[in-house]
Amino acid sequence: MKATPIALGALLALSACSQHKVPTGQRNADASLPAAFNFNKLGLRVLSTFVNRRQATTATLYGNDLARQAALGAPGATQPGEVLALITWRQQPDPNWFGARIPGALQSLELLRTGPASAARPAVRYQCFVGKDLVLKADTLHQQARIAYLLAQKPAVLP
Amino acid sequence: MSVAASPFRRLLLPAGALLGAAFVGIQFIHPPLENPPVTGDFQAPVAVKNIVQRACYDCHSNQTNLRWFDKVAPVYWQVSDHVKEGRAGLNFSTWQSMPSDAQKAKLWESVNQILAGAMPLSEYTLAHPEAKVSAQDVAVLKQYVASLAKNPPADTAKLNAAEQQYQHWQPGAVKPTAVPVAPNGIAYLPDYKNWQAISTTERFDNGTIRVVFGNAVAVKAIREKHINPWPNGTAFAKVAWDQLADTEGNVRPGAFKQVEYMLKDDQKYAATKGWGWARFKTPKMVPYGKDALFTTECINCHQPMKNNDFVFTQPLSH
């Protein structure tokens with residue numbers, strides 16, 4: 001009589017072990033963009049992806065068709081109407097695969113748009129949004145360097 | 001003995017005898033399980049080798065050592081199936097016939113199967129407690145595989161390969177009319193490039209960098225948090241490139257290696273866990289796999305994620 005609950009308990013314990021720690025049905029909430037930012041509305045495609053091992057960050061570069069064409073062309077072939085976006089995350093270990101790192105906390109979203117050059121407006125507009133809520137950063141330090149960096153990236157081969 | 005018991009006994013005795021006879025009978029159904037020769041045994045530091053030998057060799061080598069209780073049918077039938085399937089996916093006795101990259105990949109996969117609790121099989125450790133892998137064993141194995149992962153700055157060969165491929169890659173150029181098809185009938189889907197990135201991975205186990213794309217059905221499911229199981233019509237494409245690292249530790253994608261798909265349809269792909277699997281290699285999109293059974297390899301490695309609809313990626317939303 002007493003053996004039954006013990007055996008049942010043992011069985012349960014065993015199945016609990018074999019069900020282990022794999023989290024199920026989980027989204028990567030830390031890495032997700034705030035829905036209010038409406039990133040998808042920009043209609044951009046993936047151009048490339050990067051890792052910075054020293055800073056332990058990972059980033060994905062997006063662009064519209066014009067930006068993609070420009071990036072494929074000769075360096076400096078910038079034309080009006082390009083949109084580039086670089087999303088950067090802190091890395092975290094992949095909970096499901098020892099040997100991989102995936103995006104963790106959202107760090108920044110840099111947005112670059114080119115327009116026709118005129119006296120009133122620069123040809124390139126650069127904005128940097130930071131943190132989990134993607135708040136627009138006011139300080140403009142390093143902007144020129146970032147613009148140059150973004151415009152210098154080549155698309156990854158995506159056949 | 002009560003009168004009521006006797007008809008019972010009249011039935012029970014012959015039934016018992018019958019069962020006994022059947023039990024003896026099935027012992028003759030003993031498909032042979034042989035130990036083929038060891039052609040190139042697994043080599044590793046003693047501490048690592050000991051763990052693997054103790055916990056894995058019964059099913060993943062040609063040195064299977066069945067105990068008497070493993071040889072009793074019907075247990076024997078399951079054991080011999082496990083050994084056959086186990087050897088087919090991973091055999092430490094023919095280790096040296098694998099290229100070194102494939103050896104490393106199998107070791108990382110092994111550690112991950114252990115971490116996920118999928119290996120050694122729990123049915124087996126129940127009867128063979130000595131095969132259990134302790135936390136300390138896991139630490140030894142993790143440290144060993146980590147020591148195999150070297151991701152130095154890209155050398156000229158890697159840089160050249162990437163540059164050549166880039167030069168030949170003509171987005172927008174006319175593609176060949178014949179669409180490549182995997183041995184299980186799944187065709188290359190060029191549209192994946194227009195899907196959304198739902199994650200990226202740096203794989204330091206094999207020196208690649210990856211983007212996982214999800215189609216519109218996947219993206220909607222993520223937004224609505226209905227991702228276990230994923231709805232029919234979900235499609236994932238995972239692209240892998242070589243890592244090109246510079247001396248500062250900046251990594252960018254080099255040569256394109258492959259694109260892999262998982263297409264969800266729980267009816268059409270019921271035989272392969274509800275997913276249609278396919279892999280196309282190099283920019284020429286060469287279908288992977290000798291025959292339709294290539295999906296066994298995909299499923300075996302994704303198996304530890306079975307409670308998550310066989311999906312590893314934790315998707316992010318935009």
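Reply: Happy to. Contact here means heavy atoms within 4.5 Å, and the model is a predicted one. By that criterion, B:K104, B:L107, B:W108, B:V111, B:I114 and B:L115 of helix 4 of chain B meet B:V138, B:L141, B:K142, B:Y144, B:V145, B:A146 and B:L148 of helix 6 of chain B. Sorted by class, the residues of this contact are 11 nonpolar, no polar and 2 charged.

Me: Why is helix 4 of chain B called roughly antiparallel to helix 6 of chain B?

Reply: The axes of helix 4 (residues 100-115) and helix 6 (residues 135-148) of chain B come within 10 Å and cross at roughly 150°. Angles over 145 degrees count as roughly antiparallel, so helix 4 of chain B is roughly antiparallel to helix 6 of chain B. The crossing of these two helices of chain B is left-handed.

Me: What makes helix 2 of chain B oblique to helix 6 of chain B?

Reply: Helix 2 (residues 46-60) of chain B has its axis within 10 Å of that of helix 6 of chain B, and the two cross at roughly 120°. The perpendicular range runs from 65 to 115 degrees and antiparallel needs over 145, so helix 2 of chain B is oblique to helix 6 of chain B. The crossing of helix 2 and helix 6 of chain B is left-handed. On the helix 2 side of chain B, the contact is made by B:A47, B:V48, B:I51, B:V52 and B:R54, and on the helix 6 side by B:D137, B:V140, B:L141 and B:Y144. This contact divides into 7 nonpolar, no polar and 2 charged residues.

Me: And why are helix 2 and helix 3 of chain B described as roughly perpendicular?

Reply: Their axes are 7 Å apart and the packing angle is about 100°. The range of 65 to 115 degrees counts as roughly perpendicular, and helix 2 and helix 3 of chain B are therefore roughly perpendicular to each other. B:D58, B:C59 and B:H60 in helix 2 of chain B meet B:H82, B:V83, B:G86 and B:R87 in helix 3 of chain B. By class, that contact has 2 nonpolar, 3 polar and 2 charged residues.

Me: Which annotation covers residues 40-149 of chain B?

Reply: An unreviewed UniProt entry gives "domain: Cytochrome c" for residues 40-149 of chain B. Over that stretch the chain is 60% helix and 0% strand, with the end C-alpha atoms 23 Å apart.

Me: How do you know that B:E202 and A:R101 form a salt bridge?

Reply: Their side chains meet with an N to O distance of 2.9 Å. The cut-off is 4 Å between a side-chain nitrogen of Lys or Arg and a carboxyl oxygen of Asp or Glu, so the pair of B:E202 and A:R101 qualifies at 2.9 Å. The pair crosses between chains, with B:E202 in strand 1 (residues 196-203) of chain B and A:R101 in strand 4 (residues 100-114) of chain A. Over all chains, the whole structure has 15 salt bridges.

Me: What is omega for the cis peptide bond joining B:A73 and B:P74, and where is B:P74?

Reply: Omega is about 5° for the cis bond joining B:A73 and B:P74. B:P74 sits in the loop between helix 2 and helix 3 (75-89) of chain B. The bond from B:N228 to B:P229 is also cis, with omega near 0°, and B:P229 lies in the loop between helix 8 (216-223) and strand 3 (235-245) of chain B.

Me: What phi does A:A56 have?

Reply: A:A56 has a positive phi of about 55°, although it is not a glycine. Most residues other than glycine have a negative phi. A:A56 is in the loop between strand 1 (45-52) and strand 2 (57-63) of chain A.

Methods
Residues are numbered from 1 along each chain as its sequence is written. Chains are lettered from A and ligands numbered from 1 in the order in which they are written. This is a predicted model: local features need pLDDT of at least 70, side-chain atom pairs count only at pLDDT 80 or more; totals for chains, interfaces and linings use all residues. Side-chain values use heavy atoms; hydrogens and water are left out. Axes are lines fitted to C-alpha atoms, for helices over the stretch in contact, and angles run from 0 to 180 degrees between N-to-C directions. Helices (H or I, at least four residues) and strands (E, at least two) are DSSP runs, numbered from the N terminus. Angles under 35 degrees count as roughly parallel, over 145 as roughly antiparallel, 65 to 115 as roughly perpendicular and the rest as oblique. A crossing is left-handed if the near helix is turned anticlockwise from the far one by less than a right angle, and right-handed if clockwise. Ala, Val, Leu, Ile, Met, Phe, Trp, Tyr, Cys and Pro count as nonpolar, Asp, Glu, Lys and Arg as charged, and the others, Gly among them, as polar. UniProt positions are given in the numbering used here, feature names are shortened, and annotations may be inferred rather than shown by experiment.
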